[in-house]
Amino acid sequence: MYSETVMEHFSSPRNAGKIENADGVGEVGNAQCGDIMRMYLKIDDGVITDAKFNTFGCGAAIATSSMATEMIKGKTVDEALGLTNKAVMEALGGLPSAKMHCSVLAEEAVKAAIEDYLSKKEAV
């Protein structure tokens, strides 16, 4: 059974979409269930000013993507790197154990987008 918060983020996801010319883009997937998450970040002076996602997957995958973007907007890159799947699950009011991997994907997508941003920054 899903919490009311999970259902709300699934039926009305926050920050769905794409950021053109994103400062960081990360994509992760789970081969077992087929979920794919792509996270886009806009970062100004080390602060995440915008975060959007495209997720192809189940309701829990969409809800965790939505919640993760909400949790990192306005945070510094270092603060966002501290995001955990446990924090995402707690913010959503929990997930069934069979859907816990969705919160892991959300954490990994955020970190992959930040790693992409940092690698581009170092290359300059």
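Visitor: Which residue of β2 does Gly24 stand opposite?

Guide: That's Leu41. Just so you know, this is a predicted model, where local features need pLDDT of at least 70, side-chain atom pairs count only at pLDDT 80 or more, and totals for chains, interfaces and linings use all residues. Residues are numbered from 1 along each chain as its sequence is written, and side-chain values use heavy atoms, with hydrogens and water left out.

Visitor: What makes β1 and β2 a pair?

Guide: Two strands pair if DSSP finds at least two bridges between them. β1 and β2 (residues 36-44) have six, in the antiparallel sense, so they count as paired. One example: Val25 has Tyr40 as its bridge partner in β2.

Visitor: What sits between the strands in the hairpin of β1 and β2?

Guide: Six residues, and Gly34 in this hairpin takes a positive phi near 90°.

Visitor: Why are β1 and β3 called edge strands?

Guide: The open sheet has three strands, ordered β1-β2-β3, with antiparallel pairing. β1 and β3 (47-56) each pair on one side only, and that puts them at the edges. Neighbouring strands are turned by 15° against each other on average, direction ignored.

Visitor: Why is α2 called a helix?

Guide: A helix is a DSSP run of H or I with at least four residues, while a strand is a run of E with at least two; both are numbered from the N terminus. α2 covers residues 59-72, so its run meets the helix cut-off. α2 lies across β2 and β3, at about 175° to β3.

Visitor: How do you know the angle of α5 to β1?

Guide: Axes are lines fitted to C-alpha atoms, for helices over the stretch in contact (heavy atoms within 4.5 Å). Angles run from 0 to 180 degrees between N-to-C directions. α5 (residues 100-123), lying across β1 and β2, comes out at about 145° to β1.
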